[in-house]
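Student: Could we walk through this fold together, one piece at a time?

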Amino acid sequence: MLLTTLSTNQLPFFLSRRYGYSSKSMALAEKTQQRIPQAMSGGSSSNKNNNVGFISSWRRMVGAWATSNSTNSTDTSNEGGPSDGTQLLKKGIAEFYDESSGIWEDIWGDHMHHGFYDDSSPVSLSDHRLAQIRMIDEALSFASVPSEEEDPSKSKTPKRIVDVGCGIGGSSRYLTRKYGAECRGITLSPVQAERANAIALSQGLSDQVSFLVADALAQPFPDEQFDLVWSMESGEHMPDKQKFVNELVRVAAPGGTIIIVTWCHRDLKDDEESLQSWEKELLDKICKDYFLPSWCSAADYVKLLQSLPVEDIKTADWTRYVAPFWPAVLRSALTWKGLTSLLRSGMKTIKGALAMPLMIEGYKKGVIKFAIIACQKPK
Ligand code: SAH
């Protein structure tokens, strides 16, 4: 309850007492977006005990503030029946991104997805941005979408792209520029769609790329429209994975490529029918904070796709390539800029921040997997 009585001006003092973190170093962290001391970072394997202590302190600290400031919250459970549950989930997702996208953009830029890294050593924020771009390029290369070097005449590169769950349009604009293509992005968040269109306009791209509020499970596009169907970290939000993949396949043009990069739970072993109960509990907690329905595995996606008219289905576990990401997001939330932005934001953003240590735990314990699934629609 301590934080309830503190104004943001008093935060440096509070943190210096609580964690031995000086106001000077916080000012420096704000200026440089550097990492904060190890005891707070939750990132080093040599500091496991500190991490556990810190993670629970972090949850307690922000949680106390959040609870005391909570006026209402959106329950995403299915209490009122499946369709009520789905509507509530969609509303929660829209509000979560309406509320948190500005802060994310301010600190992390326009890509709201993991970076792709060679190893797990900590890197600077500018390196994280490069790693996020690299994630896009690695996904394209995994799915054998030709690069500009491989296809200089651009005869095989995508001309029409849909970005399903587009955030504020980082991938859409990158892909549009990379291929000289046209792109449509859809999101549930009106704030994201508006911001994505504003950035496209300011970058002179509004003739080629545009964004609208629409549901990925009922896409507002005719069949067989897009050479590249792109879903970067939106699949985890979809309450009906079968409908989700059906729609991705429906809007893909003959010969088009479908790429899904998404959070999954681990594949089940042959003798398992479900995850263990501690694993389910961990994922349930994350679901509440990030407005996620139940999780599935990469193998489940493959099964769903196998029932559809697609070929060359490929999947890979990229968990090891994303290891530095969540510790870095947590560190950036704990800079002065991160903390003050967070405390000025709403409940949903604060709850999302609280779930960061759970994501780190999920990856470390092997429950959460970062997966890519790609396939082609036959010509
Ligand atoms: N792909 C983006 C954003 C990822 S954040 C990027 O890489 O930057 C997840 C996105 O999925 C948000 O934009 C959210 O609005 C969107 N989303 C979640 N459920 C959706 C649904 N049912 N229909 C459309 N978009 C959805």
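Tutor: One term to begin with: two strands count as paired if DSSP finds at least two bridges between them. Keep in mind that this is a predicted model.

Student: Which strands stand at the edges of the open sheet of seven strands?
Tutor: The strand order is β3-β2-β1-β4-β5-β7-β6, with mixed pairing. The two end strands each have a single partner, so one side of each is left without a neighbour in the sheet. The edges are therefore β3 (209–213) and β6 (311–317).

Student: In which sense do β1 and β2 pair?
Tutor: Strand β1 covers residues 160–164 and β2 covers 182–187. Arginine 160 has glutamate 182 in β2 as its bridge partner. Over five bridges, the two strands pair in the parallel sense.

Student: Is β4 largely enclosed or open, and why?
Tutor: Buried here means under 20% relative accessible area. Six of the seven residues of β4 pass that test, so the rest of the structure leaves this strand largely enclosed.

Student: In β5, what is the bridge partner of tryptophan 230?
Tutor: Tryptophan 230 lies in β4, opposite aspartate 163. β4 also runs parallel to β5, joined to it by six bridges. There, the partner of tryptophan 230 is isoleucine 259.

Student: What handedness does the unit of β4, α9 and β5 have?
Tutor: Helix α9 (residues 241–251) packs on the sheet and touches β1, β4 and β5. Its direction makes about 155 degrees with that of β5. Together, β4, α9 and β5 form a β-α-β unit that is right-handed.

Note on methods
Residues numbered from 1 in each chain as written. Predicted model: local features only at pLDDT ≥ 70, side-chain atom pairs only at ≥ 80, totals over all residues. Heavy atoms only, no water. Helix = DSSP H or I, 4+ residues; strand = E, 2+ residues; numbered from the N terminus. Contact = heavy atoms within 4.5 Å. Axes fitted to C-alpha atoms, helices over the stretch in contact; angles between N-to-C directions. Buried < 20%, exposed > 50% of the residue type's maximum accessible area, 1.4 Å probe, protein only. Right-handed = clockwise from strand over helix to strand, strands pointing away.
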